[in-house]
Amino acid sequence: MPPILNGKRIILGVSGGIACYKSVMLASRLTQANAQVDVIMTEAATKFVAPVTFQAITQRAVSTDTFESWTDTGRLRSGHITLAHAADLFIVAPATAQTLARLALGMGDELLSLTALSYKGPMLIAPAMETNMWGHPATQQHVETLRSWGVDFVGPASGRLASGEHGAGRMVEPDEIFEHACRVLGRGGPLTGVRVVITAGGTREPIDPVRFMGNHSTGKMGVALARAARDLGAETVLIHAPLSVTPPGGVTLVPIRTAQQMHDAVMEHLPTTDVLIGSAAVADYRPIHSEEKKIKKLPGQQTIILERTPDILKAVGERRHDDPLHPRLVVGFAAETDDLEENALGKLERKNMDMIVLNDVTAPDSGFAVDTNRVIIFERDGNREDWPLMSKEEVAQAILQRVAARLGRQNWARR
Ligand code: PMT
């Protein structure tokens, strides 16, 4: 679970649209990530989903009434003020046209907008409404106003609406709102102002239009790194081969397929890269040419002649002699089956990296395709650390904490 949500107080404002049922899933995900979720429902929302549903999910009282009171600190204060002053993030999902208007006009005629008026922190809005309502100049004007105040929006998506029509207005899925909540909370973290570029997944080298040479990488490790970088406030770019997992929201995605394309994308981003983390399993060889038509089944053996692909991190390492600031820090991975330490240290040196993360891919529960990893960290200054078996999320968080420390950001207070 992303530590960024641990112990955070989140107001989830739910206004009256059919997408309310999806907000139950959002409340559940946030609660499972150890956030304290206080749900405020408009009267219309209670017609779609009963407050007790949110109450059961969040284990917290659900607010619907402006005149209810809370005793949060021993002193009796009105509910909306107590909630608003304690919250780290205010999410409104779904936000109907009516609620957007109320928020943009600063109205306080019901509990959700009243609470928003006395709240000063980050706000994330997931609109949901019928296409014409979304496109109406009044709604667009309200969105513009809210954006100009620094409010973040996620969605709406286009697709089939509850009315049966197709168009813009669908609330995005709860997982996407969850990802953006992490991104918004991560803002101002220790990697603020740092551009982290991560490579992930296994490249695919075409043999013919239907076949390729690949490897077992799923991209799980790289996706976890991107999430961890984002949650520390980094501007994060994920250059990825095809993934078996959903890439994180709030990250710039650069999809590629081959080693050459990954090389070109990394080089294109290099002048603005502060930290490069190479977790991709990049093919070292590719067929010398890819057949235009599908290779037919013939009797006997077939030979495919291979040539070397560009070594991306080596090329970056060479460039660093001219421009040591881009990137300031290079972290590589080594997936090894034998002579682990010797191979990893050789790569650290040859590719001019600052840190290498060694995976013994023959160890159980470690390396390709699994959710956990046991790694050894080698740094250029001779430092070595053996980490226990951890989830890939935890490994990623620990690597990014180390990156922050190397950039002198370890004692950074979130701002
Ligand atoms: O994606 P998952 O299923 O979660 O699996 C994660 C992983 C096992 C792929 C990951 O943890 C890992 O170890 N990635 C590196 C795999 C690898 O190919 O290592 P390597 O020893 O071949 O390469 C060393 C380093 O050079 C790597 O950082 C690699 O990205 C980079 N490289 C390799 C070849 C090449 N042509 N260009 C490169 O930049």
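This is a predicted model: local features need pLDDT of at least 70, side-chain atom pairs count only at pLDDT 80 or more; totals for chains, interfaces and linings use all residues.
View 1. For Ser279, a polar backbone atom is 2.9 Å from a nitrogen atom of the ligand. The protein covers 96% of the 770 Å² of accessible area that the ligand has on its own (Shrake-Rupley method, 1.4 Å probe).

**View 2. Surroundings of the ligand.** The ligand is surrounded by 30 residues, each with a heavy atom within 4 Å of it. Ser217, Thr218, Gly278, Ala280 and Lys347 are the closest.

**View 3. The largest nonpolar core.** This core has 35 residues, of which Leu5, Leu12, Leu30, Phe54, Ile91 and Ile177 touch the most other members. A nonpolar core joins buried Ala, Val, Leu, Ile, Met, Phe, Trp, Tyr and Cys residues through side-chain atoms within 4.5 Å; buried means under 20% relative accessible area (1.4 Å probe, protein chains only). Elements giving two or more residues include β1 (9–14), α1 (20–32) and α9 (174–186); α9 gives the most, six. Helices (H or I, at least four residues) and strands (E, at least two) are DSSP runs, numbered from the N terminus.

Residues are numbered from 1 along each chain as its sequence is written, and side-chain values use heavy atoms, without hydrogens and water. Local features need pLDDT of at least 70 and side-chain atom pairs count only at pLDDT 80 or more, whereas totals for chains, interfaces and linings use all residues.

Conventions
Buried means under 20% relative accessible area, exposed over 50%, partly exposed in between (1.4 Å probe, protein chains only). A polar contact is a pair of N or O atoms within 3.5 Å; within protein, one must be able to donate a hydrogen and the other to accept it, and residues adjacent in sequence count only if both atoms are side-chain atoms.
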